[in-house]
Amino acid sequence: TDRRATRNWRPGGGSADADILPGLDEMRGRSRDLMRNLPIATGALATNKTHVIGDGLALNAQCNRDVLGIDEDTAAAFNKRAEREWAIFCKTADFTLVQHFADLQFMVFGGVLESGDIFALRRYRLDPGQVYGTKVQIVEADRVSNPFRMGDTDTLVAGVEHNQPGVPVAVHIADRHPGDLRARAINWRRVPMRYNDGREIVLHVFERLRPDQTRGIPYLAPVIEA
């Protein structure tokens, strides 16, 4: 505090959410603008996505034959069948029926880098000609927010609802992106994080850097100004 360069530097000691959330929308917008328009930023994110996801993360089935009590040949046959069934599922995993599951992985990881976080929802819809009805719906970070832009409470922060111990129990999802050009009212839906039996419905994908941090930070946030 007695040095000229730092004596007026008093950032305070806010919580993770207090430090992140007030400027998060602006950080997301600037990060996306850089991603669209600055070749260095575009290249940095593209390189990350290519190195981590590549052509898609493939299933390499390895069942535990000791636990299952089966011989090596039976285990090998099971692993082959699991990989074959997984490949069938991947073709129709996208809820919008536009992308292969590998493309979803690429988009999800890119969304985390660009926006700080992203949400994946388990859905079910068995369309004609399909084998599996389980689908994955991707929800961009902006669509998860407090209903009707209400302020945060002890149990609802930035669209993520927690119980008193701090465990996320639900997310509140807008029925369209708040930046959509279509002029109509936005409605929110509360989606539980898990079924009653504990199976996940919502997967919140982000890097948690501090305890009690609710939302993620864009990858480019530290270098936006530079």
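Buried here means under 20% relative accessible area. By that cut-off, buried residues make up 37% of the 226 residues in this protein. The model is predicted.

**Start with the whole protein.** Show every C-alpha atom. Together they fill a box of roughly 75 × 40 × 40 Å along the principal axes. Now colour by secondary structure. You will find six helices and seven strands. From the N terminus, the order reads α-α-α-α-α-α-β-β-β-β-β-β-β.

The accessible surface comes to about 14600 Å². Carbon and sulfur atoms hold 53% of that area. Next, colour the charges. There are 30 positive and 30 negative ones, and their mean positions lie 3 Å apart.

**Select residues 24–37.** This is helix 2, with 14 residues. From first C-alpha to last, helix 2 reaches 20 Å, close to the 20 Å expected at 1.5 Å a residue.

**Show its side chains.** Which residues of helix 2 are buried? Pick L24, R28, S31, R32, L34 and M35. They cover an arc of only 160° around the axis, which puts them on the same side of helix 2. An α-helix has 3.6 residues a turn, so residues three or four places apart point the same way.

**Turn to the other side of helix 2.** Here D25, R36 and N37 are exposed.

What covers the buried residues of helix 2? The cover includes three helices to select: helix 1 (16–20), helix 3 (39–52) and helix 6 (101–115). It also includes strand 1 (117–124) and strand 2 (134–140).

**Zoom back out.** Look at contacts in the protein with a separation of 6 or more: residues 24 or more positions apart account for 55% of them.

Technical notes:
Residues numbered from 1 in each chain as written. Predicted model: local features only at pLDDT ≥ 70, side-chain atom pairs only at ≥ 80, totals over all residues. Heavy atoms only, no water. Helix = DSSP H or I, 4+ residues; strand = E, 2+ residues; numbered from the N terminus. Expected span 1.5 Å × (residues − 1). Buried < 20%, exposed > 50% of the residue type's maximum accessible area, 1.4 Å probe, protein only. Arc of directions from axis to C-beta. Contact = heavy atoms within 4.5 Å. Areas by Shrake-Rupley, 256 points an atom, 1.4 Å probe, with all protein chains shown as cover. Lys, Arg positive; Asp, Glu negative; His and termini not counted. Charge placed at Lys NZ, Arg CZ, Asp CG, Glu CD.
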